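Open your viewer and switch to the cartoon display. We will go from strands to rings, one selection at a time.

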Amino acid sequence: MTPGICNTPRWLAALVLACAALFSGVAVAEDEPGFESLFDGKTLDGWRLVGKQGEGYVVKDGVIVCPATGGGNLFTEKEYSNFILRFEYRVSPGGNNGIGLRSAFEGNPAFDAMESQVLDDYAPQYAKLLPGQYHGSIYKVFAAKRGAPKKAGEWNTEEIVCDGPHIKVTVNGQLTVEGNINDVKDEAILKEHPGLKRTTGHIGFLGHGTLVEFRNIRVKTLPDTAEK
């Protein structure tokens, strides 16, 4: 008798399902204890769009899309203090976005909170930026190590850890930023970034009128950490 689907080994069935999800454009979330999804794959429930530009953000094929004709700041309704944020992103050629960290709904997160840059580092128009403006950098505060992102059009994985004053950014498995906010003593930086030491706020996508996509967005809340 030909074996039926019920007799298929579990590992093979899981592989088939994973491949089907991959080819359908839907990311497969790993088993990650303590993480909660921030995106249901269908709607923007749990998010608030501030300063909408054009189309703002849309959901398409299980992905949050900032269209080239859209933008604004898409924030979580919920606030987070210490957390691990994991997601996948894909930029178009010249793509430019950002991840708002501990932000208020008002103001500019790059200065009134923190912004981890999302950028097509290899685009010619970005060849002469400051070190703290490339992908993963805490915008103009902690410069990221270069070379971790893939070329435009490919999906990347990213993890951002905010644990008290300690900030880490890992792109495609490579640690690109590791810094302590309390170690920032440059008066010019502190003056330009009055929100750098905010201890709680919203997570957000900060659109700049270029096509950038996000999926498989999840967060794990960490316990309060005494500043060191």
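Select strand E2 and strand E5, residues 72–80. In this predicted model, the two pair in the antiparallel sense over four bridges. Now pick out Val50 and look across to E5: Asn73 stands opposite.

Five strands form an open sheet here, in the order E2-E5-E12-E7-E8. The pairing is antiparallel. Which strands stand at the edges? Color residues 47–50, strand E2, and residues 114–119, strand E8. Each of these has a single partner strand, so one side of each is left without a neighbour in the sheet. Turn the view and compare strand directions. On average, neighbouring strands of this sheet are turned by 20 degrees against each other, direction ignored.

Zoom out for a moment. The whole chain has three helices and 13 strands. Of its 228 residues, 47% count as buried.

The largest nonpolar core has 38 residues. Select Ile64, Leu85, Ile99, Ile138, Phe205, Phe214 and Ile217, the residues with the most contacts inside this core. Which strand gives the core its largest share? Select residues 83–91: this is strand E6, and five core residues come from it.

Stay with Phe214 and show its side chain. Is Phe214 buried or exposed? Its relative accessible area is 0%, and a residue counts as buried under 20%, so Phe214 is buried. What touches it? Leaving out residues up to four places away in sequence, the list is Val63, Ile64, Phe87, Glu88, Tyr89, Asn97, Ile99, Trp155 and Phe205.

Now show the aromatic rings. The whole structure holds seven aromatic pairs. A pair is described by the distance of the ring centres and the angle of the planes. Start with Tyr80 and Phe83. Their ring centres are 6.1 Å apart and their planes are at 65 degrees, so this pair is edge-to-face. Both Tyr80 and Phe83 are buried.

Then move to Phe205 and Phe214. Here the ring centres are 3.9 Å apart and the planes are at 10 degrees, so the pair is stacked. Phe205 is buried too, with a relative accessible area of 2%.

For the last stop, select Trp47, Phe87, Tyr89, Phe205 and Phe214 together. Ring pairs link these residues into a cluster.

Terms used. Residues numbered from 1 in each chain as written. Predicted model: local features only at pLDDT ≥ 70, side-chain atom pairs only at ≥ 80, totals over all residues. Heavy atoms only, no water. Core = buried A, V, L, I, M, F, W, Y, C linked by side-chain atoms within 4.5 Å. Buried < 20%, exposed > 50% of the residue type's maximum accessible area, 1.4 Å probe, protein only. Contact = heavy atoms within 4.5 Å. Pairing = 2+ DSSP bridges. Axes fitted to C-alpha atoms, helices over the stretch in contact; angles between N-to-C directions. Phe/Tyr/Trp six-rings, centres within 6.5 Å; stacked < 30°, edge-to-face > 60°.
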